[in-house]
Amino acid sequence: MFTIQLLAILLLSQLLGGLAQRIGQCRVVGEITAGILLGPTFLQPLLQSMGVQSSLFAAEHIGWIGTLAELALVLLMFEVGMHIAPDNGRHSRQENQAALKIAAAGLVLPFIAGTIVAWYAHPVLAPSFDQWSFIVFCGIALAVSALPVMIRIVEDLGISDLPAVAVTLRAAVLTDIAGWLALGAVIVFSAFHHDLKLVALFGFCLLLGVASYVALSLQWVERVLARAKADEYPRHLPWVLCYLLASAWITMHLQLHAGIGALLAGAMISRAPGFASYWDRQIGGFLRIFLLPVFFASAGLKTSLSTAGNALELKWLLIFLVAAFVSKFFGAYLGARRSGFSYQDSTLTGALMNTRGLMELVVLSIGLELQLISPTVYSLLVTVALIVTATTTPLVRRVTQRAPRAFARPAIAEKNFN
């Protein structure tokens, strides 16, 4: 059963990922769609309509999918951590200020929109779930961006040399950092049932623990790994993997999530020059080709898109969709305009910051696992993530092709970033 399940996941992921690229989409859109198609929304009804009784993805046969999906999440968050590490002042103060304004506006506006929608959705879609944890979590889910997918879109479209894109990517880094810190806070508050004294005590102990962890990690990374030559990385890779898994295990047993520990470990390892490229060559391909399709399948098996026959859920799907797209786009757009971006550059920034895809699925999977959101809301927000991400590549392509001359000059006319 394991072999045929894995064959179905990888085959459909490759087919739909390739199809998405052929029609001008990013590959992750096809891979997420493949995961949803394998779930209870399409595959089971299709087989039943054909008179086929199959237990291919029955609950008792998919335990391994959840295990591999957890491993994929940990490795992915480690990889993201290596990308979101601080840039050590390599960029000008004006660039960093512009990135901060875009990140702030692109985070606050969708967070507010998400909490407002969640306030009204809670009694309808998740009445048995903790209200405040649900509301804040929905705000975070609408606020995050998908940095890995954004980087892939920028590379595929060949626009990485545009000044506006460089600033937008740094804004996405700041957004991801803030989003994960906020998610960690929500998890802690939920775990201690909003007891402020316990939360404060735990937070103080956690702060001391993180400070010790960072100090010890930097000692090892800077004294050993950072000084290693490229041909010595194979000897260090097993120790890095042990360090990664230990970090994930510690945060998991601190009532946080394993992904947060992996993210922190990645940020520490990023201090070793060249290791990210080595990781990409040795582990990155296996992660993207083998493990991520399993992660998408795991997400799809938890997703039940019954909204077509349910007017109430369809209404909330449209509300979440409009709130997610409009608030994120205009938040980033306004932040860009406040930084002196032109109309075209600001539109490009708003379109890129609306990339959700992979990272939102990670956040939603954590929320579902920790029972911060209901399965219904999970399914709705997975659909929102897929639709909004699918709009990014066509919108970015349209903006850059519509006024190519606007991007030939510096992105911010009022300020000299060179």
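I began with the secondary structure and found 16 helices and zero strands in the chain. Helices here are DSSP runs of H or I with at least four residues, strands are runs of E with at least two, and both are numbered from the N terminus. I noted that this is a predicted model, where local features need pLDDT of at least 70, side-chain atom pairs count only at pLDDT 80 or more, and totals for chains, interfaces and linings use all residues. Residues are numbered from 1 along each chain as its sequence is written, and side-chain values use heavy atoms, with hydrogens and water left out.

**Whole chain**

I looked up burial next. Of the 418 residues in the chain, 52% are buried. Buried means under 20% relative accessible area, exposed means over 50%, and partly exposed lies in between (1.4 Å probe, protein chains only). I then turned to contacts, meaning heavy atoms within 4.5 Å. Among those between residues at least 6 apart in sequence, 81% join residues at least 24 apart.

**Helix 1 against helix 2**

I checked how helix 1 (residues 2–22) packs on helix 2 (residues 27–37): the angle is about 140° and the axes are 7 Å apart. Axes are lines fitted to C-alpha atoms, for helices over the stretch in contact, and angles run from 0 to 180 degrees between N-to-C directions. Helix 1 and helix 2 are therefore oblique to each other. The scale is: under 35 degrees roughly parallel, over 145 roughly antiparallel, 65 to 115 roughly perpendicular, and the rest oblique.

**Aromatic pairs**

I counted ring pairs with this rule: rings of Phe, Tyr and Trp (its six-membered ring) pair if their centres lie within 6.5 Å; planes under 30 degrees apart are stacked, over 60 edge-to-face, the rest tilted. The count is 15 aromatic pairs. One of them, Phe325 with Phe329, is stacked at 6.0 Å centre to centre, with 5° between the planes. Both sit in helix 13 (residues 311–338), four residues apart, so about one helical turn separates them. Phe325 is partly exposed at 28%, whereas Phe329 is buried at 12%. Phe329 also pairs edge-to-face with Phe330, with centres 5.3 Å apart and planes at 85°. Phe330 is partly exposed at 40%. I found Phe325, Phe329, Phe330, Tyr333 and Tyr343 in one aromatic cluster.

**Leu364**

I placed Leu364 in helix 15 (residues 357–369). Leu364 is buried, at 0% relative accessibility. Beyond its neighbours within four places in sequence, Leu364 contacts Phe137, Ala141, Ile373, Tyr378, Leu381 and Val382. Its C-alpha lies 9.0 Å from that of Ala299, 65 residues away along the chain.

**Ser133**

Ser133 is in helix 6 (residues 131–143). Ser133 is buried at 2%. I found a polar contact of 2.8 Å between the side chains of Ser133 and Asp130. Such a contact is a pair of N or O atoms within 3.5 Å; within protein, one must be able to donate a hydrogen and the other to accept it, and residues adjacent in sequence count only if both atoms are side-chain atoms. Setting aside neighbours within four places in sequence, Ser133 touches Val186, Ser190, His194 and Leu372.
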